Each structure stands twice: as C-alpha cells, then as structure tokens.
Amino acid sequence: MKKLLMTYALKDNVLTCISDVESGLQCGCICPQCKSVLVAHKGKKNVHHFKHYNSQECEKGYQTSLHLIAKEIISKEKYFVIPPVSYSFNYNNKFIDIPEQKILIDKVELETKTGDIIPDIVLYHGNHILLVEIYVTHKIDEEKRKKIESLGLSTIEIDLSTTDIDISYKNLRKILINKYYAKKWIFNKFIDDNVKNMYNVSKVYPVKFTSHYIIDNCPKKARNYNGISYADVKENCLKCEYMINITHNNIPEIKSISCVGHAEIKTSDDLKKYLRKIQKSTP
C-alpha cells in the first residue's frame with residue numbers, strides 16, 4: 001500500500017495547497033478531518049506534504065482533503081462525465097449500450113448519509129441523484145454494493161489508487177471532470193430498470209428434449225411441424241436476437257427460455273417504444 005501524503009489542508013477554513021503556504025508551523029493549517037494543527041514539510045528531496053504536529057497522523061486526513069478538492073472542482077465546473085455502460089442479455093446482442101455522457105450538476109454534497117451508507121460525494125442532476133465513491137485504498141466491497149443496489153441509486157467509483165500521491169489540482173480535475181477511464185459503474189439505475197422491464201415483458205417457454213432441445217410455439221416461427229411452430233434451442237434460440245435468458249436445471253440440462261419475440265423487442269429502443277405504448281394504455 002502506498003504511503004498517502006496530505007498535500008491539501010485547511011487554512012482559515014479554505015482548502016489550500018501546500019505550495020501556497022509557508023514551511024513549518026508558519027503554514028497556519030489544520031487537518032480537514034480531525035482539525036489538528038499541521039506542519040508543512042517542504043524540503044528539497046521529498047514530496048512536499050503536511051504532517052500532524054505533536055499528534056498521531058490522521059488516517060482519513062488525505063481522503064478527506066481529496067473529497068473536499070473533488071467537491072470544489074465539480075461544484076466549480078458544474079458538469080461531470082459519466083462512463084459508458086452496457087448490458088448484454090444473450091450471447092449475440094448488447095440490448096443496452098450507452099456511451100460516455102456529460103451531465104450538468106446542480107448541487108454537490110459531501111458525505112451525506114443516504115439510507116444505510118455515507119457516500120463520499122452526492123451529485124444532484126435535475127431529479128436524479130448520483131453517488132460517487134473515491135477509491136484510494138479501499139474499493140467498494142460486496143456488502144456496500146448490495147446496500148447501494150437496495151437503495152436503487154446510481155453509483156460510480158473513481159479509482160485513484162494508482163495516481164501520484166501528490167496529484168496536482170489540474171490532473172485531478174481531468175480525472176474527475178473530463179475523463180472516464182478511472183470511473184466505473186457500481187450500479188446504474190437506468191440499466192437496472194430496463195433489465196427488469198425486459199424480463200417483465202418477456203415470456204418463458206419450457207424446454208423439452210426429443211432428439212434435440214426444443215420449445216413449442218416459437219413466436220418467430222423458426223421451424224414448423226404439422227402446422228405448429230417450434231424452435232431448436234441450440235440452432236435457433238441461442239442465435240436469436242429476441243432470446244434474453246436460459247434457465248438450467250442441472251447444467252447442461254436446459255429448463256426454459258425467456259424470450260421477447262412476441263413483443264417484437266430486440267433493442268433498447270424497441271423496449272422504450274413498447275413501454276411507452278403500454279404506459280399510454282394504462283390508466
């Protein structure tokens with residue numbers, strides 16, 4: 001684990017870079033986390049950094065200063081680039097595929113309790129809430145991921161674990177605002193809603209085994225036997241753009257196929273059109 005060196009601190013309640021203060025106690029700075037007095041180490045060989053004066057080093061001081069800088073940057077710029085996101089239902093097609101986007105930010109909050117979690121940053125974009133977690137030493141674990149999913153709030157993790165310990169304001173701004181390579185989705189509400197909707201409009205076809213795995217009453221009429229449509233699972237269903245899921249009893253035994261062929265849904269745009277049609281006919 002890399003040693004974290006605090007290069008930003010509070011001076012007169014303003015977040016200040018170590019390059020803008022005097023050396024030693026003359027810096028007049030305090031830790032943004034524990035509010036203890038800091039001393040500025042500005043030698044010629046080592047990275048300039050703050051250390052606690054006559055007190056134990058604060059474990060969260062570096063991360064708190066990073067969060068404060070991030071809030072300052074995002075609040076000032078008023079926008080944020082979210083990374084691309086996709087979801088594939090079967091072996092052949094990405095039903096939902098959305099490129100990176102720039103979103104406008106109305107408000108930024110730090111460490112505001114949301115449900116059972118306290119995210120690093122909360123971004124407000126219109127009526128939407130986006131949680132942002134900054135990964136320096138500890139990434140989001142499975143327990144927190146489940147809590148995020150249960151809240152149904154879109155969440156992005158920004159990986160700063162490999163960045164320089166004395167990352168500059170300019171470079172941090174690039175990562176936070178314009179770049180998406182260090183960002184990844186932990187949970188995306190749009191994708192989750194669309195996936196659930198896709199399954200809600202799907203039909204489940206039981207699979208039976210004759211000489212092959214087949215389903216009866218194929219909605220796309222892949223094959224015909226004595227006037228009855230059917231499909232060969234391996235030759236037709238697995239290659240079909242309308243198939244979204246396979247359920248197994250004991251692999252490789254196939255139990256059922258979930259399909260949206262009856263609703264003519266094969267892309268995310270088709271899904272949106274179908275849902276709009278349903279919504280119009282619903283009181």
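Analyst: Glu109 stands opposite Val122 in strand S10, and this pair belongs to a stretch where four bridges join S9 to S10 (residues 121-125), the two strands running antiparallel. A word on terms: helices (H or I, at least four residues) and strands (E, at least two) are DSSP runs, numbered from the N terminus, and two strands pair if DSSP finds at least two bridges between them. This is a predicted model, in which local features need pLDDT of at least 70, side-chain atom pairs count only at pLDDT 80 or more, and totals for chains, interfaces and linings use all residues. Residues are numbered from 1 along each chain as its sequence is written, while side-chain values use heavy atoms, with hydrogens and water left out.

The open sheet as a whole is formed by five strands in the order S9-S10-S11-S12-S13, with mixed pairing. Its edges are strand S9 (107-110) and strand S13 (183-187), each of which pairs on one side only. On average, neighbouring strands of this sheet are turned by 25 degrees against each other, direction ignored; here axes are lines fitted to C-alpha atoms, for helices over the stretch in contact, and angles run from 0 to 180 degrees between N-to-C directions.

Helix H2 (residues 142-151) packs on the sheet, where it touches strand S11 (128-135), strand S12 (154-159) and S13, contact meaning heavy atoms within 4.5 Å. The direction of H2 makes about 70 degrees with that of S13.
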